[in-house]
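Dear colleague,

I am passing on the structure below, and after it I set out what I found. Please read the notes with the coordinates open beside them.

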Amino acid sequence: MPELELVDATTESSTKTRYYVRFTREQRYMHAVLFTTFLGLAATGLPMRFSQSFWARELAAGVGGFGAILFLHKFFAIVLTIAFLIHVKEVLERGLVNREKGIFWGSTSMVPNWNDAKAMVGHMRWFLGLGPKPQFERYAYWEKFDYWAVFWGMIVIGFSGYAMWFAPFFAHFLPGWALNAVLVIHSEEALLAVLFIFSIHFVNTHLRPDSFPMDMVIFTGVESDHEFKEKRPLEYARNLKTGDLEKKTGIAPPLWLVNFSKVVGYTAIFIGLTLLVLTLIGYFD
Ligand code: HEM
């Protein structure tokens, strides 16, 4: 792929760093609800799964027993379900009612396309030193994978969770063996989600060289022109060409927001990694 010629946005009027909006306030709030409820569900689901482990018994004793743990699990589940339904409603509204372009297909869509397959192969070749670094659009292939993993996980984990919760109701439609199977499905899919988010998602998003030690954009909503050009040169070039770049101009995140984001981000990563270690202890105990 030929190298893109990018005009340096900083040269026009000043040498000050320019910032561009990547995520709206609503998207950042949605991510905040998603990761706090996910952490809450993992922190309450894992002790139930590994209830024989010393740490699960200690944790349960600390919050008032396994009954309290299940109560908290259900509370987080309701909040996450509401957030998920709001998200689905918004996507459908933007795509079907407002007929916004680029929701279901194209360079700004979350739906994977042929270019993602090519970028993934190119990335593997680059990892092996067999080709140049591929250039990415608004969402890279692994970001789409993360999105759909959560989407799919919500449907499978959510449905199986509610089937356990309201088993007498679901027994009207599901055979007995299916009601037993939902526990296995819920448990295994949740374990997969925990392992995936707390290892691959953390590494992909925060620990790769161009984001290390943490990518702040999901907290602050903005990224510098340097980051924008480095990480998503195809999106930058497209916006430059269509004249949309100016519309994306944002302001530098205030210091309190950067510091707050760091505290929240590192706390989430710390809880996630702790849960990952406890999961491994529980698994091999
Ligand atoms: C809408 C979402 C969810 C609902 C409605 C839900 C509901 C439930 C219910 C009712 C139980 C059964 C507890 C019992 O009576 O034994 C359970 C167990 C569990 N949940 Fe969830 N849950 C949800 C999401 C999650 C998520 C996102 C995770 C992981 C991050 C998770 C992890 C677990 C685990 C590990 C167990 C224990 C399963 C076992 O005993 O092997 N859940 N959940």
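I begin with the ligand: 23 residues surround it, and the closest are Gly45, Ala77, Gly161, Ser187 and Ala190, where a residue is near a molecule if its C-beta atom, placed from the backbone, lies within 6 Å of it. The elements that give two or more residues to this shell are helix 1, helix 3, helix 5 and helix 7, and helix 1 gives the most, with seven residues. By type, the residues of the shell divide into 15 nonpolar, seven polar and one charged; here Ala, Val, Leu, Ile, Met, Phe, Trp, Tyr, Cys and Pro count as nonpolar, Asp, Glu, Lys and Arg as charged, and the others, Gly among them, as polar.

Before going further, please note that this is a predicted model, in which local features need pLDDT of at least 70, side-chain atom pairs count only at pLDDT 80 or more, and totals for chains, interfaces and linings use all residues. Residues are numbered from 1 along each chain as its sequence is written.

As to the overall build, the chain has 11 helices and three strands, these being DSSP runs numbered from the N terminus (helices are H or I, at least four residues; strands are E, at least two). Read along the sequence, the pattern is β-α-α-α-α-α-α-α-α-β-α-α-β-α, and the C-alpha atoms fill a box of roughly 65 × 40 × 40 Å, taken along the principal axes. Of the 285 residues of the chain, 18% count as buried; a residue is buried if 20 or more other C-beta atoms, placed from the backbone, lie within 10 Å of its own, exposed if 12 or fewer, and partly exposed in between. Among the contacts with a separation of 6 or more, 72% join residues 24 or more positions apart, a contact being a pair of residues whose C-beta atoms, placed from the backbone, lie within 7 Å.

Helix 1 deserves a paragraph of its own. Helix 1 has 25 residues and reaches 35 Å from its first C-alpha to its last, close to the 36 Å expected at 1.5 Å a residue (the expected span is 1.5 Å times one less than the number of residues). Its buried residues, which include Thr37, Phe38, Thr44 and Pro47, pack against helix 2 (54-63), helix 3, helix 7 and helix 11 (255-284).

In helix 5, Ile157 counts as buried because it has 23 C-beta neighbours inside 10 Å. Leaving out residues up to four places away in sequence, Ile157 touches His186, Glu189, Ala190 and Ala193; Ile157 and Ala190 are 33 residues apart in sequence and 6.6 Å apart in space, C-alpha to C-alpha.

The three strands form an open sheet in the order 2-1-3, with antiparallel pairing, and two strands pair if DSSP finds at least two bridges between them. The edge strands, each pairing on one side only, are strand 2 (222-224) and strand 3 (249-250). Strand 1 (residues 19-21) and strand 3 pair over two bridges, and Tyr20 stands opposite Thr249 in strand 3.

Finally, please look at Arg99 in the loop between helix 3 and helix 4 (114-127). Most residues other than glycine have a negative phi. Arg99, however, has a positive phi of about 55° although it is not a glycine, and Arg99 is exposed, with 8 other C-beta atoms within 10 Å.

With best wishes

Conventions
Two residues are in contact if their C-beta atoms, placed from the backbone, lie within 7 Å.
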